[in-house]
Amino acid sequence: MLELKSRNAVLVAASAMFMAQLDGAVLVIALPRIARDFHVPVISLSLSITIYLTMLVAMLPISGWCADRFGAKRVFMAATLGFAFFSLCCALSTGLYSFVLARALQGAAAALFAPVGRLLLLRQTPKHELVDALAITAMPMLIAPTLGPSLGGFIVQYARWEYIFLLNLPISVLLFLATRATIPRMEPEAPRKLDIVGAILVSGALTAILTGIDRLVIGFDALLPWGLILGGLVLAGAAWLHLESHSSPILTFGAMRNPGFRTAAIGAGAVVRLPARAMLLGLPLMLQLGFGFSPLWAGVMLIALNGGDLVTKPLIKPAFDRYGYRRTTIAGSLTGLAALAFIALARPGAMLAPLLLAALTVCGIARSLTFTAMTSLSFSSLTASTMTSGNIIASISMQIFNALGVSITAVILSVLAKLGGRAEPAMIDYRHAMLVIVLIGLAATIRLRNQIPEDLAPARPRMREDPEEARERARGDLD
C-alpha cells in the first residue's frame, strides 16, 4: 500500500469504513447492560439497531448528490464530525427514545461519510491502482466485525457501555484532521438534478415500514406499528408512481428485469441471508441472557463467527470452480442452518463452550459463502447500462434485510415471551426463535435451489471502467 500514489485517500477511506463497521459490531454485546440502565426490556433496544440501518438506507440516494453539490472532501469532513457528535449524544442518552434518536442521526452521518469516503478514494486513485486500493479498503469491513464483539464485551465488563460511543470521538477527530491535511481540496461539481420528491417518498416509506415492523415487539394489538406500516405502504405506492413518471428519478429499476438479480436482491436469495442477519441480535443476547456467558466471553466467542467468515473469503472461488456454483451455495446454506439449529438446541455442560465455538465457526464459513454467492449472482449478468441502478438497489436491499433480520428476531422473541407469560424472553424463547429463523432459511434455500444456475456464466470481457461510472457506482455502495 505504501507504494500507492493514492495511499492517503486509501487510509482515509479505510478508516471511515472501519469506524462505521466497528460501531455496530461493538454495540450488540452491550444491549443487555443498556437495557438495564434504561429500565426497558432488552428486546425494545432492537430499534437502536434497525433505526441505524434504516437511516443508512434513507440517506443513500442523496449521498452522491451531496458530494457533487458541496464537494466530496467538505461533505466527508462534515459527516465525520457529525458522526462524532451524535456518538457523544448516544453516550449521554438517559432513556430509550433519546438513545434511538441519537442512533438515527448517527446512522445518517455514517450514510454520508462511508460512501463519500469511497468516492474520495476513486477521485484520487489512478486507474491502474484502483483494484489494489479497493481491496485494501475492503479489509476493515471484514476485520471490524471480527474484533468488535470482543472489544464491546471488554468495555461492558470492565468499564461502562458509554465508552463504546466515546471511542468514536478520538478516531473521528484524527480522521477529520488527516483528511484536512492530506486530501487535496475538491471543488464542487455540477450536480445532477436531485429528485427531491422521490428521495423524500422513498426514504419516508422505508423508514416508516421498517420502524413499524420493528415496533411490533410492543404487541400486535398496538396501533402505532400498524399505523407506521400502513403509512409506509401509502408512501411506497406514491413513490412507485412518482419514480415511474419522473424524467430523472432518484431510483431506476432496470436491473430488476434480470431474473438472477431479482432472486438475489429481493427473492429467495435475499431471504436465505436472513438467518445470518438475525444472528446479529439473537446470538449476543442468547449467549449472555440464555447461556449465562459474561459480556467479554460472549464477545470472544463471536470472534469465531466473524473469523470463520473472514478466513473463508479466499477459498470461495476455488470451491465454486471445483464443486459448482449451485451445489456449493446450497450445501453452504444448509450447513450453516444446521449449525445454527445445533446452537439453538445446545445444552449446558463441560463441552458447551468448545462446541459453540465450533458451531459459530461453521456459521461464519456458511455466511461468507452464501453472501458471496448472492453478490456474485446479483452482478454477474448485469449490463453496463444497469450496473449503476443495480448497485444502488442491491445496497438498499442489503440494509433492508439487515434491519428485517433484527426486527423479525425481536418480534418472534417478544411474541414467544408473551405467550409464555414472561416479561423478558427466557432460554426456551431464544431456542424456539432461532429454530423459527432456521425454518425460514430452509424454505428459502429449497426455493433458491430451483432459481439459481448450476454455474455462473463466464465473465464477459469488459472495457476499462470509466472513472465517472466508477464514481456513480460508489455513490450507492455501502458494503
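This tour visits a helix pair, then the cavities of the model.

The model is predicted, and local features need pLDDT of at least 70, side-chain atom pairs count only at pLDDT 80 or more, while totals for chains, interfaces and linings use all residues. Residues are numbered from 1 along each chain as its sequence is written, and side-chain values use heavy atoms, with hydrogens and water left out.

**Stop 1: a helix pair.** Select residues 325-345, helix 14, and residues 352-380, helix 15. Helices here are DSSP runs (H or I, at least four residues), numbered from the N terminus. The two pack at an angle of about 145 degrees, with their axes 8 Å apart; axes are lines fitted to C-alpha atoms over the stretch in contact, and angles run from 0 to 180 degrees between N-to-C directions. Contact means heavy atoms within 4.5 Å. Among the residues that meet are Gly 332 and Gly 336 in helix 14, and Ala 359 and Ala 366 in helix 15.

**Stop 2: the largest cavity.** A cavity is a set of points on a 1 Å grid over the protein atoms alone where a 1.4 Å probe fits but cannot get out, and lining residues have an atom within 4 Å of a point. Select Pro 275, Ala 276, Gly 336, Leu 337 and Ala 366, the closest to its centre of the 15 lining residues. Helix 12 (274-290), helix 14 and helix 15 each give two or more residues to this lining.

**Stop 3: the second largest cavity.** Select Ala 270, Arg 273, Arg 277, Ser 397, Met 398 and Phe 401, which line this cavity. Its volume is about 50 Å³. Helix 16 gives the most to the lining, with three residues.

Terms used
On a 1 Å grid over the protein atoms alone, a cavity is a set of points where a 1.4 Å probe fits but cannot get out, and a pocket is an open set with protein on both sides within 12 Å along at least five of seven lines; lining residues have an atom within 4 Å of a point. Grid points are joined across faces, edges and corners, and a volume is the space filled by probe spheres set on the points.
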